[in-house]
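Let's look at how the parts of a protein chain pack against each other. Here is the structure to keep in view while you read.

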Amino acid sequence: MLNNYVPILVLFVLAFGFAGFSVGAATFTGPRRYNRAKYDAYECGIEPTPQPMGGGRFPVKFYLTAMLFIVFDIEIIFLYPWAVAFSQLKLFGLVEMALFIGTVFIAYAYVWRRGGLEWD
Amino acid sequence: MPTDIQAPEILYGPLSPMLIVFAAACIGVLVEALAPAARRRGIQVVLAVGGLLAALVAIIVQRGARTLTAGDAIAVDGPTLFIQGVLVVLGVLSILLLAERGLDGSGGAVVARASTTPGSREDMRLADSDAMQSEVFPLAMFSLGGMMLFPASNNLLLMFVALETLSFPLYLMAGLARRRRLLSQEAAVKYFLLGAFASAFFIYGVALLYGYAGSVDAGKIFDATGDVGSNDVLLYLGLAMLAVGLLFKIGAVPFQAWTPDVYQGSPTPVTALMAACTKIAAFGAVLRVFYVAVGRDQWDWRPMMWAIAILTMVVGAILAVTQTDVKRMLAYSSVAHTGFILIGVIAVSKAGLSGTLFYLATYGFTTMAAFAIVTLVRDSSGEATHLAQWTGLGRRSPLVAGVFAFLLFAFAGIPLTSGFMAKFAVFQAGTAGGAGVLVVVGVVASAVTAFFYARVVVLMFFNEPAADGPTVAIPSALTATTIALGLAVTIVLGVYPQPMLDLADQAALFIR
């Protein structure tokens, strides 16, 4: 019974091994050029500290774009298997998919009307 | 080439209550997109209340439905319909609380514009305006839809989807308080992080149970528990991890850490929704998992649940004694109540199931009314939730303090309140089901809870009010309806509980 789980164990060993190898290899072979950016908590993105008065403001445009991307990404993920099985699901599948796309477009309509698609 | 794919049979009638609520939520999003800003709030309230009432009608029409549908993924049976009915009525009450705006001349408990920086000049200006983030209504509807699906899911993957559907809007709504916004946002982040952690346990448990039974269907898992020679380690590990996710949502010890912070920080109407509806829905899912999927293995999971029930009752009751904030006290009291309700779950009998359903209904209405009262007691900075500020409230506003005292007695389980009948029902089922020790612990814990409820009553009625104490706002019809209905149900189910007990009894049969 548990023999079925040997491949999973092997996968774990491979995964940990690869992680260990990558970190080790980077430590030994990577160049060490320390500068100000290197010492930041993140090398890119928002400066976490010090915050300006009142918590500060930061642009959320990229986050909005990312969330929108996920909404439509999910739609596509769902559309492909549906397209493959379309001939078997027939009208039922078509109606269900129309309903699904309809609900996704509700989210789209909300973002569009509330200014989520304007960059400035 | 794909092999044969069968479109599942879908019975739209039994699904109609959930479909109506989800449709109303989707239309709510469209209203946010298309309606002019000034009219959104009014449209949203009518739409949400109308949708929930339509769902209630659909539930009444479908009251005889006992069926599996959508490829056996959804079970519409007695417990499902009972819980959905209670959820829909409580949902209407919480929408009414969210819509209240007459308490301090501002736009209500929900933030005017969530994107403003807390404490900024714009935030100060908007706090006293009558604007509100009216997205909260569709969010509440999505959450309620998820809650209705949660106890109906006969398939663990669907149960996970329902769990996330009810949780995500709650995480958001927890951060939308109009005042003390940083506290509210802190609550939202805590709730989200801990909730995501619990969800991860849940889904890993589902994976292990799939490894055990070869299916995520509750019925198939039940069949697999009857087979000799299957790998029980997977079953126990999977069930334990599944239980972590579920016990987190009902707020059982040791997964209760989020409860006081989140209850305190959230806008009070949202706290009411969380305390009443989420708990009911999550208990529905707990019942479905433990009665349907692993009902045959009760001798294996009962010791675990015994320990959790005892811990929950004792820790909830004792920590509630030390609280100095009304909302935190109610949070710990809800933890203790979770322990009492778990006695009904552990009984694993028809009486245990009907007692649990009855307890959930009574607890929901009492909780809703209690949090509605909390929204009324205010000072210049919003709600006055510190217990010291409630000193002498009975002198100043005898009616509100009297109603709150009555609700506290119901929580404590004093006879002639619904709380007494509910405790009696689950304790009786527990005794009959061989959980006598649990019942003894339950009675002792009830006595401890009665102590701190009585302390609040003494504080309100037998102490002089402070000169600069809070005032009691006059509620509009919205909050008044919520309090009146919650109070009425608490009284009626205490004096004449038989019809509701019969209803719970008729509903108390799961299908597989």
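How many residues of domain 2 of chain B are in contact with residues of domain 3 of chain B? There are 29 on the domain 2 side, and they touch 34 residues of domain 3 of chain B; "in contact" here says that the C-beta atoms, placed from the backbone, lie within 7 Å.

A quick word on the ground rules. This is a predicted model, where local features need pLDDT of at least 70, side-chain atom pairs count only at pLDDT 80 or more, and totals for chains, interfaces and linings use all residues. Residues are numbered from 1 along each chain as its sequence is written, while chains are lettered from A and ligands numbered from 1 in the order in which they are written.

| Domain of chain B | Residues |
|---|---|
| domain 1 | 1-101 |
| domain 2 | 157-272 + 282-293 |
| domain 3 | 299-512 |

Taken over C-alpha atoms, the centres of domain 2 and domain 3 of chain B are 23 Å apart. On the side of domain 2 of chain B that touches domain 3 of chain B, α11(B) gives the most, with 11 residues. Helices are DSSP runs (H or I, at least four residues), numbered from the N terminus. That side of domain 2 of chain B has 19 nonpolar, seven polar and three charged residues. Nonpolar covers Ala, Val, Leu, Ile, Met, Phe, Trp, Tyr, Cys and Pro, charged covers Asp, Glu, Lys and Arg, and the others, Gly among them, are polar.

Terms used: Domain bounds come from an automatic or database domain assignment. Two residues are in contact if their C-beta atoms, placed from the backbone, lie within 7 Å. Helices (H or I, at least four residues) and strands (E, at least two) are DSSP runs, numbered from the N terminus.
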